[in-house]
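Welcome! Take a moment to look over the sequence and the model, and then we can walk through some of its features together.

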Amino acid sequence: MMKFTGANILSVAQFDRDAIEHVFRIADLMEPYAHRRKRTRVLDGAILGNLFFEPSTRTRVSFGTAFNLLGGEVRETTGMESSALAKGESLYDTARVLSSYSDIITMRHPKAGSVSEFAEGSRVPVINGGDGANEHPTQALLDLYTIEKELQHHGRTIDGMHLCMIGDLKYGRTVHSLSKLLCAFKNVRLTFISPPELAMPDEIVALLENAGHQVRRVDNLSGSVDADIVYQTRIQQERFASQEEAAQYRGRFRLNSEIYTRHYKPNTVIMHPLPRDSRAEANELDNDLNQHPNLAIFRQADNGVLIRMALFALTLGVEHLVSRYDTDVIWYSDKANI
Ligand code: CP
């Protein structure tokens, strides 16, 4: 099994099935802390360097929240312009310096491969929070954890499921990482729906087929799709050469209540890594599904805290000590009922 203590988390390729399931079972143990029934000080005194050189809401804040929930402190750097990278400093030098100020570093950067390059200069573990269109391993783990939980309600498992991914499958790093992670499972059916120009890359399709999965790539949503999960994505406008080019694809694949009812079976779970583009010209996941019980997007985002807590506990080697340092929560919290 993968050795977690002291490891960098850079790619989903590091995870075999045992490692994935180990992360999930540690994430389960984090529920009382994330839901404010208990608090733990297991990382009291530890410092997270949370470096985000690209916009983020969920990943940045949930990394910070997860670390705080384990009792640690968070130091943030957001935006390239507010760091010495804007003065030409290398990723190696930045890593060498910041890693002496922190016990662990989380990082997002617009360039593919940049987080691995940074990790070479770091003296503490580095966790990839997204590097360009390449990978987003913690998102893939939380997505798969969500899939496992949602399918459990319907008596189904990841093995044998049918997953439909829709939208920008070329530039979407979450769909790349999730697809690669699925190679550790069995007999998965995948339907990739996108414009041909934004199709899932050939090398990822080859990985899936080599793992024994059935893959279908199509450019339109026609007829019914007997998917267990529909995973909708945003057009990644920040990765296109021009905004005009991105605009050609916005709004091409929408999901709303009427389309959902027409094309999917009644218990198909709806996922999206978020943010969803809610502008009228895009609106890939309509607000008219907000109250639908199969809409899992906010449960999915909540699970990010559990998964990131698990990864911090594992990489800092304290996963077996979390409950030893816990106490009851004494303030009012409605989350205790979650
Ligand atoms: N899913 C995700 O990566 O969201 P953010 O860009 O808000 O971090």
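## A covered strand

Let us begin with strand β7, which is mostly covered: four of its five residues are buried. Please keep in mind that this is a predicted model, so everything below describes a prediction.

Strand β7 has a partner in β6 (residues 162-166), and the two run parallel, joined by five bridges. To find one of these contacts, look for M165, whose bridge partner in β7 is F192. Between the two strands, the chain passes through helix α7 (residues 173-181), and this β-α-β crossover from β6 to β7 is right-handed.

Strand β7 also pairs with β8, again in the parallel sense and over five bridges. Another right-handed β-α-β unit is made by β7, helix α8 (residues 202-210) and β8.

## The whole sheet

In what order do the strands of the open sheet lie? Reading across, the order is β8-β7-β6-β9-β10, five strands with parallel pairing. At the edges are β8 and β10 (269-271), each of which pairs on one side only. On average, neighbouring strands of this sheet are turned by 15 degrees against each other, direction ignored.

What holds such strands side by side? In general, strands of a sheet pair through backbone hydrogen bonds, either parallel or antiparallel.

Strands β6 and β9 pair in the parallel sense too, over four bridges. One place to look is I166, which stands opposite Q232 in β9. Helix α7 lies across β6, β7 and β9, and runs at about 160 degrees to β6.

Now for the charged side chains. How many salt bridges does the structure hold? The count is 22, and a few of them are worth a visit.

Is E148 buried or exposed? E148 is buried, because its relative accessible area of 14% falls under the 20% cut-off. R25 counts as partly exposed, at 36% relative accessibility.

Another salt bridge joins the side chains of E150 and R299, with 2.6 Å between N and O. E150 lies in helix α6 and R299 in helix α11 (residues 297-315), so this pair ties together parts that are 149 residues apart in sequence. E150 counts as buried, at 7% relative accessibility, while R299 is partly exposed, with a relative accessible area of 35%.

The side chains of R189 and D226 meet at 3.1 Å, N to O. R189 belongs to strand β7 (residues 189-193) and D226 to the loop between β8 (214-218) and β9 (229-232), so the pair ties together parts that are 37 residues apart in sequence. R189 counts as partly exposed at 31% relative accessibility, and D226 counts as partly exposed at 38%.

Finally, salt bridges can share partners. In this way R25, D28, E148 and K149 are joined into one network.

Technical notes
Residues are numbered from 1 along each chain as its sequence is written. This is a predicted model: local features need pLDDT of at least 70, side-chain atom pairs count only at pLDDT 80 or more; totals for chains, interfaces and linings use all residues. Side-chain values use heavy atoms; hydrogens and water are left out. A salt bridge is a side-chain nitrogen of Lys or Arg within 4 Å of a carboxyl oxygen of Asp or Glu. Buried means under 20% relative accessible area, exposed over 50%, partly exposed in between (1.4 Å probe, protein chains only). Two strands pair if DSSP finds at least two bridges between them. A crossover is right-handed if, with the strands pointing away from the viewer, the path from the first strand over the helix to the second runs clockwise. Axes are lines fitted to C-alpha atoms, for helices over the stretch in contact, and angles run from 0 to 180 degrees between N-to-C directions. Contact means heavy atoms within 4.5 Å.
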